[in-house]
Amino acid sequence: MARAIPGTATFYQQYTPSACYGSTPEGVMIAAASDPLWDGGAICGKMFTVKCTGATNPVPHPCYDGKTVTVKIVDHCPGCGGTLDLSKEAFESIADPIAGVIKIEYW
């Protein structure tokens, strides 16, 4: 198993157009990469497994225990508030969307 990298995740809801695939839909288990991960688009198409590890704000226990989601990087999230900006469907499969921002591990 790959070593997990800590980070944070937010979510978004408009999936096309994307920086990697233009107007071609890539499904809903997708994510956008933050500036430090973007690398001029070299990360496009990379798959990550993501797990919620805790809250970043007062919402108690946002994580769905033990749940992971695998997402494909399809977009760039310049200046976004997290390491990964998950699709809403991906986010809500591992955490309560009311939290808005969560701590994650990804690999």
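## Phe 48 and Tyr 106

Phe 48 is buried, with a relative accessible area of 7%, where buried denotes under 20% relative accessible area, exposed over 50%, and partly exposed in between (1.4 Å probe, protein chains only). Tyr 106, at 5% relative accessibility, likewise counts as buried. The model is predicted, so that local features need pLDDT of at least 70 and side-chain atom pairs count only at pLDDT 80 or more, while totals for chains, interfaces and linings use all residues. Residues are numbered from 1 along each chain as its sequence is written, and side-chain values use heavy atoms, with hydrogens and water left out.

## Aromatic pairs

Across the whole structure, a search finds 3 aromatic pairs; rings of Phe, Tyr and Trp (its six-membered ring) pair if their centres lie within 6.5 Å, and planes under 30 degrees apart count as stacked, over 60 as edge-to-face and the rest as tilted. One of them joins Tyr 12 and Tyr 15, whose ring centres are 5.3 Å apart with planes at 90 degrees, so this pair is edge-to-face. Tyr 12 and Tyr 15 are both buried.

Phe 48 and Tyr 106 also form an edge-to-face pair, at 5.3 Å centre to centre and 85 degrees between the planes. Because Phe 48 lies in strand S3 (residues 47-55) and Tyr 106 in strand S6 (residues 102-106), the pair ties together parts that are 58 residues apart in sequence. Strands here are DSSP runs (E, at least two residues), numbered from the N terminus.

## Strand pairing

Strand S2 (residues 30-34) pairs with strand S5 (residues 84-87) in the antiparallel sense over 3 bridges, pairing being assigned if DSSP finds at least two bridges between two strands. Ala 33 stands opposite Leu 84 in S5.

Conventions. Helices (H or I, at least four residues) and strands (E, at least two) are DSSP runs, numbered from the N terminus.
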